[in-house]
Structure formats: C-alpha cells, structure tokens
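Subject: Structure for you to look at

Hello,

Here is the structure I said I would pass on. Please open it first, then read the notes below it.

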Amino acid sequence: PDVWNEIILNTGGISSTLQDIKAHQRSGGYVYKKIPNRFIYWRTDHSVLEVVEESLDINLHGNQVRYKFTDSPVLEGISVTETLSNIIILVPTVSSLHRFTYPHPDNLLKKGYKEQATYSIFHNVNEADSTEPSTYFILNSPSSGIVSGVSALASNGDSVFALSLANTSILLIRIDSTTGQGTTSTLTYESMMPRFLSGITDVIRGKELSDCVSVSLILSYIQGELHLFGLDREGTLKVWSCDRNCFITSHQLLNKYEARIIKGHKHKMCKGEVGHMLVLYCCLQGSCIASFLVQQNDGVMSFQQLSVIPTPVGLKLVDMCVGDEGDLWCNWLTGDESPTVTKIKLRYPGWATVLLAHPPLQVKAPKITVQDPATLYLDAIFTSGFFTANEVAKALSIFKTTAVIKPNVDIKEQICAIVEAEIYSETGGQDFDDDEYLEMTQRCWSRLYSCCSQFVISGMLPLGMVWLGSSLILTQECGFSMVMEMNPLQLLYLTSVPASHFPNVIYGDLVEKVRNIDLEYGLERLELGLLLGEPMPTILSDAAQLVLSQRPNENCQAFLNTGSFRALLAELNEPQSHVFDGSDRRMFCSNSGLFAVTSTFRDFCSVRLRLCMRLLLLLELSESNCSEVKTNFAQLCEAYFVLYWTCVTNVSVDEPIIFSYVLAHQGTLMQDTLPASVLAVASALWIRDGNVNLANHLYSTKQWVLLQSLARITSYDTWRLQLAESYLYTGEGGKAYDVAVGGQDEDMSHYIKVISLFERHSRPDLAIAVAKKAMDFPAYLSQSDQETLQSVLFLHQVQLKHYDSAYFWLEECKNWSRRSDSLHRLVTAMLADGKLTELVSFPFTGLTSQLDKFLSSRARSRPFKQAANYYNLLYAFHVKHDNYKRAASIMFEKALRSDTAEMQWRCYAACLNALMLTPPEEAWLLKPNLSTSSNQDSIEILDVNDIRKEFELSGARYNLGDCCAIDAVQEEIIALCIAQRQYKMAMRLANLCDLSCAPVIYNLTAACFEDNCDWTKFNGYDDMLLNEEETENLGWRLLERFIIKYEKEKETILHKSAVLKLLEMGMFLPSWLTSSYIKRNAPELLKLYLSHGYLEQASQLACDYIRAAMGSGSEAFSIDLPLLPTSPYIYLPINTIELIILELSYYNMHEELKDTLNEYRQKVERISNEMKLSCRISSTAFISANKFV
C-alpha cells in the first residue's frame, strides 16, 4: 500500500545549494541473519530517503518510512547493521550524518499484530526519535566536494563514516554512540606525496580530471581492525587503517588487467566472503570485473586474484551483488537506458542474462476472432498480472490529465467512459464510417495501454540488488522484484539456449525443435476451444486446418523421430505425482510472498501449457499413430489450461483466482522454498479424479459465474451440486436441474440432496421435477423411499399452491403418520391462501376425524380472528357431509368466542339452522356451565329453544350497536332496548326469556304521548303500514297489539302496567284498554281508579260491574252468569265499592252507586232467602222419604 510515515529532518547543517552535488538515485538493502525471507531495502532520490521493511512470510504493518532531509542530498554509503537488540541504519548526507536505531524484529514478534501480520520495526518511528542530538552529527562544510561515501558500525558501537573528497583525501568521522559527539580525521594517499602537499595535484590537473579521487569505498574488519578500501578513478585500490588513521597499501588494477578507460563509466566495488575471508569485487570502468581475496599476514596486506571477467560490451554498471557459491549478480543499463541483469559464476566464465518480466508495449490482436478494442485492452491490462488498479488509476493521469478515478465505483466502467470521451473529442461530433471509427477507437485504446505499460515499466527500473539467500531481490523505483532461477524446461522453451547445454535432460532436443515451429494460428484456435469447452477432437481438427492453410508445407514429422516423449510426460506430470504434507509452515504468507508464489505459478503454468499445446497440435498434424501419447498430452493440456485459467481470470478487478485461492489456503500450501510452494499449489489444483479444491474454493467465495466457467473447461461430475447451486444463484434454474440430475447411476441419496438444494433456494418446481424423475424408477425404490418422494411432491405442490395435485399425493401416501402431517400442512396452507371452497371440496376419505381434531385444536389455540376460518371450514365440511349436529356445535363454539355482536348473531343463526336439521332426539348441545360453584366440571344441555333464545339475544346486541356489550345479560339487553325505544324487540326478548313484559308496556305507554314518533318505524309490523296521518296512532296500535299478544290468559300484568302509567300521567284510558281490562279483571281496574283518585270513573265502573252481576251487560265483564239462585258464586269487590261510596259522599256524588249497591244487596238477599226456602223444602222431602223407607 502507498502509505508512508513521512518525517522531515532539518538538522541546521550548511545548505547544500552552494555545493556542486549531483545526487543520483541509489538503492540497497539488508537481509536479516536469522529471520528467513525478511529484509530491508532503501532507495534515495536527491534529499529523500525511503526505507521499507519487507517479509515474504508475514505482513508487516507500518513498514514504510520516508525521511526528507531539508536541502541536504543523501550520499552514497548507507549501511544497515544488525545487533542482538537493534537494527541501526547509518545515513550520510551532504551536511549531516545520521544514525537511526530501531528495535530488532525478534523483540516484536511476540507482540504479534495477528496471526498473519505483525508490526514492522518502523511502525512507531517519529520525528522526535530522529532529531535527538545523539542521533546525528553536523558536518562542517568541507573545502572540497564530496565524491562518494561509506559507513559502518564499529565494534564498540560507534558510527564510522568515510567521505571521499574531490581533493583525493578521505574524511573519516567517528561518532560516539552515546553522546553523538564526533571526531574527524583526514586520510590521504601518502605514497604519492607528503600530507601537506596532498590535493595540490587537483589544482594542477583540475578537479574534474583528478584520477586519484576514490570513487568507490568499502569498510570492513580484518583481524579485528577496521580497514577502508578505496578504488580511485586511476584504477588504484588503496587501503587505510581506520583505527590507526594511516594509509597501509595500494594495488594498481587498471594497468595490471589492461583495462580500458571508458568515459562516463565509474569504478565500483562490492565485497563478499569466502571462508570468513574478505573478497573484493572491483568493476573497472565497465571493462572487466576483478575479484581477489584480501589477506593480512604479519601486518602485511596481500591480494590473491580469484578471477578476471570481461564485462559485456555497451553496458553501464549500476550495482553489484554477491550470491551463493561465488555467483556475482550485476545490474546494468544499456545505451538506451534499458535495464539488464546478469549473473556469472567466477570459476565458470560466461554471463547468464536474467529475463526481466515487464508488460508488452503493444497488445497483439487475435488473428482468428474479432474482439472489441475495449474488451481486448481491458483484458490485457487486468489479466496480465502486471497492472494493479492503483497503478492503472495513476497511469490514467498520463493518458488524460483531467482523468480522476472515483473510489467504490467500477474502475473498468470509468476507464471506458474516459476513453469514450477521448474518442468523442477526437471525432468532434462528426460522423465517420465504421472502419475509420474503429481505427480511431483502436488508436485511443492503444494509447491508454501504452501509458499504463510505460508507467509500470518506469517503476520497474532496478536500482539495487539484495541476495535473499535463495533468490535475488531487485529494488526498484516502485517496490521490488524477485529473480528466480529457471528450470531446464523453462530455459529450453523461453530462450535460445541449445539443448546441448543440458546433456542430462532427455527431452531437451524435443523441446528445442518444437519451440521454433510457427503454429500461431493453430495455438490460438486451440486455446479458444479450451476456453469454450469444445470437444478436443474438434479443436485439434480446426487448429490443424488453420496451420495448414497458413503453412501448407510445414514438416511436422521431424520431431517425431527424436523420442523423449515419456521423459517429457513425466516432467509435465510432476504436479500430479507431487505429494506434500500440508503442514502449516507459515512461509510466503505475506501479500508480497503470495504475489511471488502466484507470479511464479503463472509462469510455471504458461510455459507448460504452451508446450503441451504445441506438442498436441504437432501430433495432430503429423497424423501419427501415437494415440496413447496424444491422449496423455490432451489430458495434460486440459489440466494446465485450468491452472493457467486461474491465473488470467480475476475474482475482482485486479485479483486473479489463483491469488484468492492461495490466500485462503496459504497455511497448508506454502513450503520452505518458492519452487516447492509453486509445485504444491499446482498439485492442489491439478485436475484429477475427485479433486474439487478449486471448485470448493470458488463455491465458498460465492464466485458463481467463475464456477460455471470452470465447469465449461473441465469435468464437474464430482461437484455437480455446487455447480447446480451456482446456477440457482444466477437465476438459471433450468441449467441447475440439468446439471443436478444429469449424471449416471444416481441413487436415492443423491436425489434427496438435489431436492434439499432446490428447497434451500425456494424452487419447489424443480424439487418436484427431481422427485418425479426419481419416481420414474420404482424398481430401485424401497417403500420408505417412495413415501419420502411422495411427501416431497406433496410439500412442494402445496408450496406452489397446486392443491389438487397436493391432495392427490396426500392420498397416495400410505404411511399414516406422514398422511397426518401432510393433512395438517395442506389445511394450513389452503386456509392461509383463502382457498376454503377448494378445501371443502376434497373428500378427505378416512381423514375426517383427523381433520376435525386438527381444525378444532387449531381453532381453540388461536385468537378468535385467526380461528374464525378454522370454524368456518369445520362448519362447511360437516354440513357438506350432513353432520348437522357437529356443524351446530362448531358454530355454537364460535359464537361463544365471537368478539363482535354481529359475528355472534350470525354464528347462532347458523347453529340454529343446523340444529333444526338434526333429528329431534339429537337436537341438543352441551355447554360448559361456568356459573356453578362446585369444583367439579358442570355441563349444561341446550335444546333448540335455548339456542333460539341465544340467537335472539345476540341479534338484539347487534341491533343495539356499540351501546351494548357483547357479554350483556338478558336483563341488560331488554333495558337497553327499552332505552332505545325498540319495544318490539324488548317484548319479544322478555317473552322468550320468561321475563316480565310490564316494564316494556309501561315505557311504551309513556311514549305514545310523545310528539316525536320516529321510534315507531323500528317497532312496526308489516300489516301495520299506515299513511303519514295515521303515524301518530301507531304507538297506540302497537301498545294494543303488544298487550293483546303477550298478555297471558287470566293475567292482567300488562294491562295493569299500561293503565298504571296512564293514570299516573292523568290521562284517560283508551276504550279498548278499558274494555279488555274489565273483561279480564274489573276489580283490579276499580282499585286502580280508586287509588289514583278517578272517583267518577270508579263510580261508573262499579255501577256497571254491579249491574252486570245482576244480569245487565254481563258480557262486558268476566261474568259468565248473572246473579241467580242456580248461578255460580259471584265475587264483587264490596269493600272497594264502599270505599268509593265513602269517597264520593264527600262530594255528594254517591247516590247512584249507593242505590245500585243497595239494589244489588236486596237482590242478593232475596235470592238468598229463596235458596234457603228451597233448601228447607228439599230437606223435608228427604226426611219423609227416609221414613217411608
């Protein structure tokens, strides 16, 4: 990541602006002694020093620090020293010398950041630590310019700096490690002149032409004494003792080795070791490299020559590095400033050139297919492995200065928009024909790619080298690269090295001949066919035709005579035969390490794939009979294409599949070395029977489209369920079905897995199809399997709301437990879907009791609103099956739980209807009697009349509306009806409930006198429809009808209630009421008149009553026979009449009543006497008769 801890240092030294200093870019590094794959590298650019700690095994946090020295260019001579507790970096600049101290990594490893990461030694570096007085030393402005420098840590911990000056002297500075105090001394080349004359030659010859100036310096300990080695422009190697501050010896190299001085080249030295002895490597003006062993015996310094190697012509040395076994690595620049890295073994002359990987400057368009320029160049950028999204974003500013890439937006879409805008600006809105527009598009995309490639190539320029132990690290302007040794197969295929250089490689001649045959068209067709998953015979036939059409005289028979196929097959089959233990080594697990592994893996796969494709195509062209060999190479070609496909197919914008896979499995894949790790990755992904590692990885990372692409290029028999699920995620259910059931000899367990897969993704239609397919083979299914499939079919038909089909599979199932469960599911689903009519239409043969039990249980366990449908369904079901008593019971239970009066009324109506259809002897229901005080359960038996009473009461509650509670008792309901003037309903309810109707008549009587007669319309009868003029009499007619209809025989309760109210109001009684009352109970009316002071009416009634008793108008009263000797007894209210007479006497109005009463008495007396006489005569006759007897 491009995140730096930036520190600005201004030590107060003399500014370098007055000095003629040209600070070039330099770089170097240091490898830890006991920590593998961990190193530090640095690079300088004028007054900026960037230091980075890197590890291939673990990610380091805070590992980049950038020092900016104000007006003080950084000099050559930076050194890194490792002690037991610290890492010390010494940095010389033009005006100051610095000592930066950091903790040793061993002291940080135990404070791990997390398992895959830890803190870098630079993570907490700050400016305060770097500006401590003890950490730097201010240089006084030297009298002569500084040419080169070197630094080292003395054995006592002091910092030692040696600066080569243009006046041929050496400025030696020792800085105390504790106080920061420095001591300065000057070293001169004393063999040429005395000290006081040193530098005078520079005056004579001029500064630029001085040959005695040391241009390369090295500090090294020899036998416990620190020595300084300097190589001047004249080719003389000089040695000083830093401990004694004296010159020791010199050794002329330029004349000895007859090296030519090449203008512009600079001598350079580096050091190495052979058996703990110092070895110096001196590059003389780019002409030769001399190496010699430095020895000191008895105080005498000697130089033993090891080798002299001519340097390559036309190259300028940038840096040298010593590798293992005496290998010398050199970094060169060609005449056009292009980098070249070479290696030579000192005892075996001959330069080996490193193939520096970099993106091609141009994109080669395909020859047999037409590809859109945008797709072509975007693929070249993001699948080549050379470009990251961050680098592409920076390169876009070169393509177009105003281009800005927004974060969190698809970078490819933004690039397309930028290029399209550029194309539009070039066209200026004009119309062009297709060819011209295509050419313009191609030019713009090509320019974009060129900007990206040049940006990356410029950042890959090697500045320095560090030997890591098994590989070479090239430090670059942007990051670093690793140099890996090629195996013979890669060397033979990628380079022009003859096979004779590898006598032990049996297949060398074969590869050498194959690599030079032009098969470009055929190889492109073969790769396209592999990508599209076409059959191999078809691909090979088409590819061979393309090659023959381009090169009809191509001779493909020559290489067949060389043999060596078996050896090559064994080499190419190495990933398949490789076995690794999979232990967690935690090697190459950092981002840098993983990138190194995946980059090497890409090269590994690419070379082998190309070679396999060439051999396979040549075998096809040769029309040989080597079918077995051809088959083997076809299998290898497919296997390596899958590996290569993981390298060129991305899971994100710039992250290939292989990086994602290695990142996820780094702990078990990584080995001790990089080649072994690459081979382990190839073995883990190798396409073999049962190997599903790659498919499982794509599945676990939800790369559905890539998983489908993998299935296109290789067999998916062992992971067809994962592939089917990927199609489900991308909405391609048909393909998922074809893949899931397209195999051979699938057993029941496989079908169950497929069904479960479709169930998880809510695809019941596909689950049904799978189950039906499995049912097509009944001979292979057990009874349990059939029942399982029937249940599956039922469940998913329900899910699809295909209820007819679901019921069919319900009946097909013979397992009682499954049938019961299925019944519950079907009923629940249809109720939720509102399919009550369809549900009732099913016969449910043999399941009636189960259905009733289930629905009843559900209804009782749920709130009423949720239970209503269950009750309705039960009622409809039982009515359909003529089970009216059970239907009535269901509606009665629903009515008891109803939460509204209307619902209650309707439920009682349905209950009453059903019960009336029941035979009379069965027309009863049971109801829990909750009013009982006993602890035991009590049950009440209800008949039709009881239900009718509940129906009427609930109807009244409904009519009364909100003013009536749903649990109101009958007395409350009647009272509310009276209050709301609903007298008709009140009378009916009172009569039905055996309650007194007197309160209703009493209130109705009062209402008859009201002016507002609107209440009468709620109480009328169909046969009482009157015109508007008669509406005011409707109340009286209702009163008359109610009294006549509801007054029981030989009772006058209603009459008395109406009369009582009228008398209380001081009103006269209607004639019909008086007549009816007299007919039923005249004495009672007489008492009412008397008690309310109606003396005249009482007197008249008494007179009429007495006369009726005497035979005049008796039909108007309840007197069957008038007063006669033979008539029954007549009871007159004599006491009441006498009270009336008494009351009337006060008003002298009693004469008539008194006379009538006297008349009645006289008649009674006469009749009584007659009856007595008759009795005596009868008695005498009876006695006479007895005598005769």
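Of the 163 residues in the largest nonpolar core, which touch the most other members? They are Leu568, Phe633, Met670, Leu826 and Phe844. Helix 14 (residues 591-622) gives the most to this core, namely 17 residues. Apart from this core lies another one of 69 residues, which includes Trp1036, Leu1039, Leu1062 and Ile1130. As background, nonpolar side chains in soluble globular proteins tend to be buried together. Please keep in mind throughout that this is a predicted model.

The whole chain

The secondary structure comes to 42 helices and 32 strands. The radius of gyration of the chain is 59 Å, whereas a compact globule of 1189 residues would have one near 32 Å. Along the principal axes, the C-alpha atoms fill a box of roughly 205 × 85 × 75 Å. Of the 1189 residues, 48% count as buried. If you take the contacts between residues at least 6 apart in sequence, 56% of them join residues at least 24 apart.

Around Phe633 and Leu569

Leaving out residues up to four places away in sequence, Phe633 touches Phe565, Leu568, Leu569, Leu572, Cys612, Leu615, Leu616 and Leu619. One of these partners, Leu569, is found in helix 12 (residues 565-572). Leu569 has a relative accessible area of 10%; buried means under 20%, so Leu569 is buried. For a sense of scale, Leu569 and Lys949 are 100 Å apart in space, C-alpha to C-alpha, and 380 residues apart in sequence.

Helix 16

Why is helix 16 (residues 657-664) described as largely enclosed by the rest of the structure? The reason is that six of its eight residues are buried. Those six are Ile657, Ile658, Phe659, Ser660, Tyr661 and Val662. Their cover includes helix 14, helix 15 (627-648), helix 17 (666-669), helix 18 (674-685), helix 19 (693-700) and helix 20 (704-713).

Aromatic rings

The structure holds 31 aromatic pairs. In one of them, the rings of Phe292 and Phe303 have centres 5.3 Å apart and planes at 85 degrees, so the pair is edge-to-face. This pair links distant parts of the chain, with Phe292 in strand 22 (residues 288-297) and Phe303 in strand 23 (residues 300-310), eleven residues apart. Both Phe292 and Phe303 are buried.

Trp905 and Phe951 form a stacked pair, with 6.1 Å from centre to centre and 15 degrees between the planes. Trp905 lies in helix 32 (residues 901-916) and Phe951 in helix 33 (residues 944-960), so this pair ties together parts that are 46 residues apart in sequence. Are these two residues buried or partly exposed? Trp905 is partly exposed, with a relative accessible area of 27%, while Phe951 counts as buried at 17%.

There is also an aromatic cluster made up of Tyr807, Phe842, Phe844 and Phe877. Phe844 is one of the residues that touch the most other members of the largest nonpolar core. Elsewhere, Lys885 lies over the face of Trp924, at 3.3 Å from the ring centre.

Two single residues

Gln414 is found in helix 6 (residues 411-427). Its relative accessibility is 11%, so Gln414 counts as buried. Which backbone atom lies 2.7 Å from a polar atom of the Gln414 side chain? It is the backbone nitrogen of Lys406. Lys406 is also among the contacts of Gln414 beyond four places in sequence, together with Val404, Ile405 and Val409.

Tyr119 lies in strand 10 (residues 117-119). At 30% relative accessibility, Tyr119 counts as partly exposed. Tyr119 and His61 are 58 residues apart in sequence, and their C-alpha atoms are 4.9 Å apart in space.

Regards

Technical notes:
Residues are numbered from 1 along each chain as its sequence is written. This is a predicted model: local features need pLDDT of at least 70, side-chain atom pairs count only at pLDDT 80 or more; totals for chains, interfaces and linings use all residues. Side-chain values use heavy atoms; hydrogens and water are left out. Helices (H or I, at least four residues) and strands (E, at least two) are DSSP runs, numbered from the N terminus. Buried means under 20% relative accessible area, exposed over 50%, partly exposed in between (1.4 Å probe, protein chains only). A polar contact is a pair of N or O atoms within 3.5 Å; within protein, one must be able to donate a hydrogen and the other to accept it, and residues adjacent in sequence count only if both atoms are side-chain atoms. Contact means heavy atoms within 4.5 Å. Rings of Phe, Tyr and Trp (its six-membered ring) pair if their centres lie within 6.5 Å; planes under 30 degrees apart count as stacked, over 60 as edge-to-face and the rest as tilted. A charge sits over a ring if NZ of Lys or CZ of Arg is within 6 Å of the ring centre and within 35 degrees of the ring normal. A nonpolar core is a set of buried Ala, Val, Leu, Ile, Met, Phe, Trp, Tyr and Cys residues joined through side-chain atoms within 4.5 Å. The radius of gyration is taken over C-alpha atoms; the globule rule is 2.2 Å times the number of residues to the power 0.38.
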